[in-house]
Amino acid sequence: MRLGVLDVGSNTVHLLVVDAHRGGHPTPMTSEKDELRLAENLDSQGRLTKSGADSLVRTVQRARVAAAEAGCDDLLAFATSALRDATNSAAVLARVREETGVALQVLPGDDEARYTFLAVRRWYGWSAGRLLVLDIGGGSLELAAGRDEHPAAAASLPLGAGRLTREWFSDNLPSRRQVAALREKLDQDLAPVARRLRRAGEPELAVGTSKTFRSLARLTGAAPSSAGPRVRRMLTDTGLRQLVAFISRMSSADLAELEGVSPSRAHQLVAGALVAEAAMRALKVEQLEICPWALREGVIFRRLDTLDGSAQRDRSAQDSPGSLGRLTSYEARCTG
């Protein structure tokens, strides 16, 4: 079947169309992105502004049309940190459904971590042993660890690269004092979560996913994206420390000139690197392998695993396989 996955994130709205079947490898067919920066369109009361909501409605409508034109049998539409945090989230979601026919589901942070963990497990397989998975988004940091397809421990913290940039760096070029203060906060916030994840056991493979980790790995010498997804890419703690010392003295305009850095996200790079550095330090990880699969692929696999519409119980009691709804036809999902 052909599936469309619409991921409404803090920075981008991403439509991924794949051909997939249960037990098979999902084959990407098309991919479209729109840089909405929804998290930057929250007002002082935490409400998504009218202009932000207008942009979201237009983008979701375009994605619905694109999914239909691509012949998608189903459109799995979900939102993460930006809409999860918006105080008027319910009203925005209702408007999106009314005007586009698409029912966006807001994923809890812990579920983000679980779906991402599932994708990483499927990429590396059982031979990878006990996994530790880190994912830095625009609004949150997800962490998960375990030996199975469902993590023994999962957590989500409001430590996304975009969020921390807005809250901690008032200038285009962060001062040493600002960098030091953010480091201290990250160490404090990560310490209890790291202790909980370490109780799941020493990881045999530590993995990073997301655009932030891919950019950091590229800047420390990993292969470019043009080399393909199956090339092994690593991020070491030593390389990351050296990179942080370098990029923390650069303006956003200069960062945008670096290979592997998206101009629209260059201003978030320093905060993202500090989060990655602090997480590796807290978890006592010396290197991360970069996985090309993450949340979107995890959502696809979870849906394929429940194609019969059953709501069987996972070994992870907190996971909710029905949270994205049962698989129905594309038209049924879009019309409700």
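Two strands pair if DSSP finds at least two bridges between them. Helices (H or I, at least four residues) and strands (E, at least two) are DSSP runs, numbered from the N terminus. The model is predicted: local features need pLDDT of at least 70, side-chain atom pairs count only at pLDDT 80 or more, and totals for chains, interfaces and linings use all residues. Residues are numbered from 1 along each chain as its sequence is written, and side-chain values use heavy atoms, with hydrogens and water left out.

**View A. Strands β6 and β7 pair antiparallel.**
β6 covers residues 131-136 and β7 covers residues 141-146. The two are joined by 6 bridges. At one of them, V133 has A144 of β7 as its bridge partner.

**View B. An open sheet of 6 strands with mixed pairing.**
The strand order is β8-β7-β6-β9-β11-β10. β8 (153-157) and β10 (234-236) are the edge strands; each has a single partner, so one side of each lacks a neighbour in the sheet. Neighbouring strands are turned by 20° against each other on average, direction ignored. Axes here are lines fitted to C-alpha atoms, for helices over the stretch in contact, and angles run from 0 to 180 degrees between N-to-C directions.

**View C. R37 has a positive phi without being glycine.**
Its phi is near 50°. R37 sits in the loop between β3 (27-35) and α1 (50-69). R37 is partly exposed, at 26% relative accessibility. Buried means under 20% relative accessible area, exposed over 50%, partly exposed in between (1.4 Å probe, protein chains only).

**View D. S210 is a non-glycine residue with positive phi.**
The phi of S210 is near 100°. S210 lies in the loop between β9 (205-209) and α7 (211-219). S210 is buried, with a relative accessible area of 10%.
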